[in-house]
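Please look over the sequence and the model below before reading on. The text after them walks through the chain one part at a time.

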Amino acid sequence: MYNPKVESVAVGRPAMGVDKKTRQKMKGTSVLILADKLIHARKDRGLTQATLAQASGLGINRIIRMEKVTTDVKMSTVAKVASALGLH
C-alpha cells in the first residue's frame with residue numbers, strides 16, 4: 001500500500017482535469033500517482049470532496065486543488081487527508 005508520509009512531493013503542475021497530452025506526459029510521476037490514489041480512496045469510501053474536507057479539517061478548495069494537482073501541497077496536508085481516509 002502507498003504511504004504518502006514516506007515520499008516528498010512537490011506539486012504545482014496541472015494534471016487532473018487538463019488536456020490528455022499533459023496528463024499522459026505526467027503519467028507515472030509520484031505527484032499524479034498520489035493524486036489518483038487519494039481520489040480513488042475517497043471515492044471507494046463513498047466520500048465527496050466536501051465530506052473529505054470536513055473530515056480532514058481542510059477547506060474544500062484545498063481538496064479540489066490537491067486532486068487536480070494545481071497547487072503545491074505540504075506533506076502535512078497529505079497526511080491529514082490520508083488520516084481522514086484511514087490510510088495509515
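This is a predicted model: local features need pLDDT of at least 70, side-chain atom pairs count only at pLDDT 80 or more; totals for chains, interfaces and linings use all residues.

Which residues in α3 meet residues in α5, and which residues in α5 do they meet? On the α3 side they are Leu52, Ala55 and Ser56, and on the α5 side Lys80, Val81 and Ala84. Sorted by class, this contact has 4 nonpolar, 1 polar and 1 charged residues.

The axes of α3 and α5 cross at roughly 105 degrees and come within 8 Å. Angles of 65 to 115 degrees count as roughly perpendicular, and α3 and α5 are therefore roughly perpendicular to each other.

Now step back to the whole chain. The secondary structure consists of 5 helices and 0 strands, so that, read from the N terminus, the order of elements is α-α-α-α-α. The chain has 88 residues, and 35% of them are buried. If contacts are taken between residues at least 6 apart in sequence, 57% of them join residues at least 24 apart.

Return to α3, which spans residues 49-56. Its buried residues are Leu52, Ala53 and Ser56. Why do these residues lie on the same side of α3? The arc they cover around the axis is only 100 degrees, and this puts them on the same side of the helix. The background is simple: an α-helix has 3.6 residues a turn, so residues three or four places apart point the same way. The face turned away from the buried side of α3 carries Gln54 and Ala55, which are exposed. Ala55 is also one of the α3 residues that meet α5. After α3 comes Gly57, with a positive phi near 80 degrees.

The next helix, α4, can be read in a similar way. Which residues of α4 are buried? They are Ile63, Met66 and Glu67. These residues cover an arc of only 95 degrees around the axis, which puts them on the same side of α4. The buried residues of α4 pack against α2, α3 and α5.

The packing of α4 on α5 has its own geometry. The axes of these two helices are 12 Å apart, and the angle between them is about 100 degrees. That makes α4 roughly perpendicular to α5. In this contact Arg62, Ile63 and Met66 from α4 meet Thr77, Val78 and Val81 from α5. By class, the contact of α4 with α5 has 4 nonpolar, 1 polar and 1 charged residues. Val81 of α5 is listed in the contact with α3 and again in the contact with α4.

Between α4 and α5 there is a loop, and two of its residues deserve a look. Val69 lies in this loop, just after α4. Val69 counts as buried because its relative accessibility is 1%, where the cut-off is under 20%. Val73 is placed in the loop between α4 and α5 as well. Val73 is buried, with a relative accessible area of 11%. The C-alpha atom of Val73 is separated by 8.7 Å from that of Arg62, a residue 11 places away along the chain.

Two residues of α2 complete the tour. Ala41 belongs to helix α2 and, at 8% relative accessibility, counts as buried. Setting aside neighbours within four places in sequence, Ala41 is in contact with Leu85 and Leu87. Gly86 is 45 residues from Ala41 in sequence, yet their C-alpha atoms are 9.0 Å apart in space.

Arg42 is also found in α2. Is Arg42 buried or exposed? Arg42 is buried, with a relative accessible area of 7%. Not counting residues up to four places away in sequence, Arg42 touches Leu47, Thr48, Gln49, Leu52, Glu67 and Leu85. Among these, Leu52 is one of the buried residues of α3, and Glu67 is one of the buried residues of α4.

Methods:
Residues are numbered from 1 along each chain as its sequence is written. Side-chain values use heavy atoms; hydrogens and water are left out. Helices (H or I, at least four residues) and strands (E, at least two) are DSSP runs, numbered from the N terminus. Buried means under 20% relative accessible area, exposed over 50%, partly exposed in between (1.4 Å probe, protein chains only). Contact means heavy atoms within 4.5 Å. The arc is that of the directions from the helix axis to the C-beta atoms. Axes are lines fitted to C-alpha atoms, for helices over the stretch in contact, and angles run from 0 to 180 degrees between N-to-C directions. Angles under 35 degrees count as roughly parallel, over 145 as roughly antiparallel, 65 to 115 as roughly perpendicular and the rest as oblique. Ala, Val, Leu, Ile, Met, Phe, Trp, Tyr, Cys and Pro count as nonpolar, Asp, Glu, Lys and Arg as charged, and the others, Gly among them, as polar.
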